[in-house]
Each structure stands twice: as structure tokens, then as C-alpha cells.
Amino acid sequence: VGFLSTLQDTLGFVPKVEFNAGVIAAGAARIESTVIGNSSATSVASEAEVLKSQSQVYLPINNALSQQGHVAAFLDQFGQGVQHLASRVQDLISFVERVNNYRTMTGRGLRFLAIPRSYYGILTQVQLIEACDGTSKATPTDMHLPSELAAATIKALHDAQVVSSTGVVMLEVSSHDIASALAGALATLPPDDARVLTECMPYIDAAVKRARYINVYQLLGTNIEESLYLQIVRNQVLVDIQGGDVLLQIFTCKILQAEASHEAPFLEFIQRVCSQCRDGSCEEGQPVKAIKPGCGGFGIRNFLTLFLSIELGKALADQDEAHACADGAAADRALRRALLLNQQLDESNPVLTAIADAMTAEARALETGDDAQALCMQQRKAQLTTQLQELSDRFSALTALAS
């Protein structure tokens, strides 16, 4: 609290979002975090200028509340200090591809934090049903895929290793892979069911492919091509959106480690894609609105994702170490911890998305002077934060039982 007060008194930084004690937790690892920053009044019309502007600063401040986890280990080894630095790049996806290609060719260079594929999306029965009947489209179809057929479809895709047991779709899946996986199921179905599945096949094909990036698609829609979505997934880039502004993020693994088991700083790279139609109402011939530096925010949707992914990486490393030592019991414990962390990530993402949406709505209300709506969104944020707290507590208890 004293440090935050000092920053507010000296730099005018104020809290942008606060995750109080226990909200950010991964098993026994618990932290509190506050993102603070200045309230910049700067706005410009040129995207080139806004991407170079230093008028908006975000500073996440983390404090360990337990002796477990990477934040506690960092403080134990180094004391208070800078854990990571963010740098802005013009084209993040191309930048990451170049780094990955260089490392593949030379064996040298940065490595990036592994993000679970479920962050980008999984395939569900609901997606198949909605794709077939057109619920997710502007024009509904006259077809209906029963839930039993949807379940059989996913089972056939799983048996053919097109879809994992957790619903993750093979990244390089093709229409031929999908058709081949379902050919066996078609042969065993009653004629009427086989006819329905055959008629739905084009929609199933599209739904399976989109499931690879469905979570990001729900943020960005048809504004980008499938090939770019796949680049985002393949290179494990994180995506956030506030209003019409997009933030792309990626984090490196630890750098400058003295020993493999030691904590160390890491780097973050970001790209801001700033909308000049902040309320979505730009019309032809109308002047565009000014852009605010720091557009896209600081990645609130990805905040817990980062924390959980780091802890997930530690769990998988512990599993590898246990296997190397032929310690089957320790390997099983590490695997159970990793599965719970992955599940917590999946359940937390919708809550974080709702918090980000509430923050965006609050900011718009404050800009237009709608104090009642701003208060409503503040209360909504508080409710969602409580929900996130309860979720973290539940998974902490489950992790303790699995240890």
C-alpha cells in the first residue's frame, strides 16, 4: 500500500484494476496484484504517432501471498525488483515467427511461454449443433443435428485423433481428415441419421476448423482471415480487446538464468491495433475519432492466463524431472496439478472476459457522463471479482487434495 501511495503522490498513477488477496491463485501459489497507471489526456489521429507515444504507462505490481509459486520464488531469490519488461512491436505475429524460425534453424534465441491450446478454443457438441441449424449464422438452416449425433461425431473425430480427449482440434486438420474420421460413423448409423449427418457435413467441417481458434474468433469475428487466426494459434500469441481496440501479447520464458531451476526476469512483446471508430459508429465521409495511447489496455483477459501458464509450465517441468528420476508417484502428482491448472484456466477465461467487458462499458459511461451506468459496471466488476475469487479458492482446495 505504501509503494502504491508513493507512485500516486509522485507520478499521479492510480489503480486501473485490482486483484485482491487470493483472486489470482494457482493451487497453493497465491498473489495479489494491482495494475496502476497514469490517466493520459493525450489523443492523436495518426496510428503511426500513437504507436510511438509514451504518454500512457501501465505498471502491474505483484505481491506473493504464499511461499509457493514463481512470484514468491522471484522475491526470495532477488528481492523486490522488475520481473518483466514490455516492448512494443509493429507486427507481433511476424516478429514471433521470425524468432521461432531463427531458434529452429540455429538452436539459439528466445523461447516463448507455452500457452495451452484450450486458450484458443475447443470443440463442443453445442458448436456442432449450432453450426448445423444455423444458430450461429445470420441465416438459419432447416436442418437439426440431434445431440446424440453431435456426441457421436465428436467421438468419431476423437477416435481418429482429429480431436483430443479435451476437445482440442488438430491444428493442421483438413477437410479430408474430417471426412475420413466420420466415414466410419456414417456406415454404422441408421439411414435417417446418416442422411442428417451427411447433410450437415459442410457445416460440421467449418465448425471443427473454427474450433481451433473459436475463443479468439468470438473477440475479432470476420475482421481477419483464417490464415491469420492460425498464425496466432501456431505462435501462441495472446489476444485481448477493449471496445474496438485490440492488444496482442506474448511472453518469453525466463532469461539470464544462473541455474536452470532459478527464477529470472522475462520479456513481454505487444502490438496495439487501435480502432478509430471507438464506438463502432464511423460512417463514410465522417471524420474518424482520435486514438488514445495505450489503446487495448494491458491485457486483463490474459492476466490470469499468464500466471496459470507459468505455474503450468512448472508442473510439467516437475513431471519431466520426476520421470527422469523414475519417481512415478511424483510424476502422477505433477500431472494432476497440471490438469487442474489447465481446467482452472478454462473456467477462468469467461470470467476474465466479462470483467474486461465491464471495464470497457464503465470507461464509455464515464466518457459520456453516464454516472449511473458507470456505477452499475463497477458493481458488476466487484461481483465478477468475487466469482473469480471463489473459483480460485475451489481449485486451491482441489490441488491440495491432489498433492
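Visitor: Which side chain has a polar contact with that of Glu362?

Guide: This is a predicted model, and in it the side chains of Glu362 and Lys381 are joined by a polar contact of 2.7 Å.

Visitor: Where is Glu362, and what else is it in contact with?

Guide: Glu362 has its place in helix 12, which comprises residues 328-368. Leaving aside neighbours within four places in sequence, Glu362 is in contact with Ala374, Met377, Gln378 and Lys381.

Visitor: Is Glu362 buried or exposed?

Guide: Glu362 counts as buried, because its relative accessible area is 11%, which falls under the 20% cut-off.

Visitor: How far does helix 13 reach from its first C-alpha to its last?

Guide: Helix 13, residues 371-402, has 32 residues and reaches 47 Å between those two atoms, which is close to the 46 Å expected at 1.5 Å a residue.

Visitor: What about Cys376, buried or partly exposed?

Guide: Cys376 is partly exposed, with a relative accessible area of 36%, and Cys253 is likewise partly exposed, at 30%.

Visitor: Switching to disulfides, how many are there, and which cysteines are joined?

Guide: The count comes to one disulfide, and it joins Cys132 to Cys200 with an S to S distance of 1.7 Å. The pair links distant parts of the chain, since Cys132 lies in helix 5 and Cys200 in helix 8 (residues 191-210), 68 residues apart.

Visitor: Are those two cysteines buried or exposed?

Guide: Cys132 counts as buried at 0% relative accessibility, and Cys200 is buried with a relative accessible area of 0%.

Visitor: Now the strands. How many residues of strand 6 are buried?

Guide: Seven of the seven residues of strand 6 are buried, so this strand is largely enclosed by the rest of the structure. Asp245, Leu247, Gln249 and Phe251 point one way from strand 6, while Val246, Leu248 and Ile250 point the other way.

Visitor: Which strands pair with strand 6, and in what sense?

Guide: Strand 5 pairs with strand 6 in the antiparallel sense over five bridges, and Val239 stands opposite Leu248 in strand 6. Strand 6 (residues 245-251) is also joined to strand 7 by six bridges, and these two run antiparallel. In that pairing, Gln249 stands opposite Ile270, and Val246 stands opposite Val273.

Visitor: Does strand 7 run parallel or antiparallel to strand 4?

Guide: Strand 4 (residues 84-88) and strand 7 run parallel and are joined by five bridges, with Ser87 standing opposite Phe269 in strand 7. Strand 7 itself, residues 266-273, is mostly covered, as six of its eight residues are buried.

Visitor: What do the buried residues of helix 10 pack against?

Guide: They pack against helix 4, helix 9 (214-220) and strand 5 (238-242). The buried residues of helix 10 (residues 226-234) are Tyr229, Leu230, Ile232 and Val233. They cover an arc of only 155° around the axis, which puts them on the same side of helix 10.

Visitor: Last one: where is Ser118, and what does it touch?

Guide: Ser118 is found in the loop between helix 4 (92-106) and helix 5 (125-133), and it is buried, with a relative accessible area of 10%. Not counting residues up to four places away in sequence, Ser118 touches Val168, Asn215, Asn342 and Asp346.

Definitions and conventions
Residues are numbered from 1 along each chain as its sequence is written. This is a predicted model: local features need pLDDT of at least 70, side-chain atom pairs count only at pLDDT 80 or more; totals for chains, interfaces and linings use all residues. Side-chain values use heavy atoms; hydrogens and water are left out. Helices (H or I, at least four residues) and strands (E, at least two) are DSSP runs, numbered from the N terminus. Buried means under 20% relative accessible area, exposed over 50%, partly exposed in between (1.4 Å probe, protein chains only). Contact means heavy atoms within 4.5 Å. A disulfide is a pair of cysteine sulfur atoms within 2.5 Å. The expected span of a helix is 1.5 Å times one less than its number of residues. Two strands pair if DSSP finds at least two bridges between them. The arc is that of the directions from the helix axis to the C-beta atoms. A polar contact is a pair of N or O atoms within 3.5 Å; within protein, one must be able to donate a hydrogen and the other to accept it, and residues adjacent in sequence count only if both atoms are side-chain atoms.
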